[in-house]
Amino acid sequence: MPGIFVAIVALLVAWGVIYHYFGTADKRLKRRILKLPIGESIIQTPENQDVRVSGTLAYVEGKAPLTAPLSGRPCVAWRVIVEERRKHSEHSSWDKVIDDTASMDFALEDASGRAIVDGAGLSLALDFDASDGQGFFNPASPALASFMTSKGVATHGLILKKTLRAREGVLEVGEVVTVAGSGAMMNDPSSQVGYRGQAKLLHIKALSSGELLASDDVKLRRRSKK
C-alpha cells in the first residue's frame, strides 16, 4: 500500500509539472515565439521568413493610443479576462465569461533601428499586472461594470451579485516586447534622405500561418539554444 501511495503522489506531481509547462494557451504561445530565429538586432533580422523580433515599444507617429478598459492606461494592445465563480453539482469553479483584446500598429526600437508592427489581430501573451473584481460585500468598480456591460455580460444574477475576478495586461510604451511575424525592409518615411540614402525600417506582418504573436515576457528576447 505505501508503494502504491507513493506512486500515486509521484504521478500527480508529474502531471502538475506537465500541466504547468504545457497546460495554458499563453505558455504554448510563448514557446512558439521562442522557437523562432531572432537576429542580432532589428536591422539584421532575416527578411521574408518567420522570425522573432524584440525591441522597446514606441508609438507610431500620428496614431492615438488605446485605453485599457480596467486601468485606463494608454497602450497599443490590451487583454482582459473576466471569470465568474460558479457552483456546479458537486463543486465550484472559476468559469471564463470574457476574454477580449484590442490592438493597433506600434513600433519596436533598438540601437540599430526600428520596426513597425501591423497590430490588428495580435495574439497576445501578456503579464496580467492589473486586477479587479466583485464579491458579496464589494461591488464591481465602475470600470469593470462598464466593461462588462459593453460586452453584454451582467454583473448581477437574478438575486445576488456575481462573484467575479478580472485580470488585465497591456503593451505599453517603454517596455520590451517580442513579436513573432515575417519582416521586410522598407524606406523609413520618418527619416530624411542623406548621402547614404534613406534610412530603413523593418515592417513586420503575419507569420506564414497567418498569425501575429506578441508578448511582453522579457525572456523571449534571448537567443534559442541550439
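This is a short chat about side-chain contacts in a predicted model.

Biologist: What should I know before I look at the predicted model?
Modeller: Local features need pLDDT of at least 70, side-chain atom pairs count only at pLDDT 80 or more, and totals for chains, interfaces and linings use all residues. Residues are numbered from 1 along each chain as its sequence is written, and side-chain values use heavy atoms, with hydrogens and water left out.

Biologist: How many aromatic pairs are there?
Modeller: Two. Rings of Phe, Tyr and Trp (its six-membered ring) pair if their centres lie within 6.5 Å; planes under 30 degrees apart are stacked, over 60 edge-to-face, and the rest tilted.

Biologist: Why is the pair of W78 and F147 edge-to-face?
Modeller: The ring centres of W78 and F147 are 6.0 Å apart and the planes sit at 80°, so the pair is edge-to-face.

Biologist: Where do W78 and F147 lie?
Modeller: W78 is in strand 4 (residues 77-87) and F147 in helix 3 (residues 142-150), so the pair ties together parts 69 residues apart in sequence. Helices (H or I, at least four residues) and strands (E, at least two) are DSSP runs, numbered from the N terminus.

Biologist: Are W78 and F147 buried or exposed?
Modeller: W78 and F147 are both buried. Buried means under 20% relative accessible area, exposed over 50%, partly exposed in between (1.4 Å probe, protein chains only).

Biologist: And what about F136 and F137?
Modeller: F136 and F137 form an edge-to-face pair, 4.8 Å centre to centre with 85° between the planes. Both are exposed.

Biologist: New topic. How many salt bridges are there?
Modeller: The count is 13. Each is a side-chain nitrogen of Lys or Arg within 4 Å of a carboxyl oxygen of Asp or Glu.

Biologist: Which residue forms a salt bridge with D100?
Modeller: K151, with the closest N and O atoms 2.6 Å apart. K151 is in the loop between helix 3 and strand 10, and D100 is in strand 5 (residues 92-103), 51 residues apart. K151 is partly exposed at 39% relative accessibility, while D100 is buried at 19%.

Biologist: What links D26, R79, K96 and D99?
Modeller: A network of salt bridges.

Biologist: Last one. Which residues touch the most other members of the largest nonpolar core?
Modeller: F106, L108, L171, V179 and I204, out of 21 residues. Such a core is a set of buried Ala, Val, Leu, Ile, Met, Phe, Trp, Tyr and Cys residues joined through side-chain atoms within 4.5 Å. Strand 1 gives the largest share, three residues.
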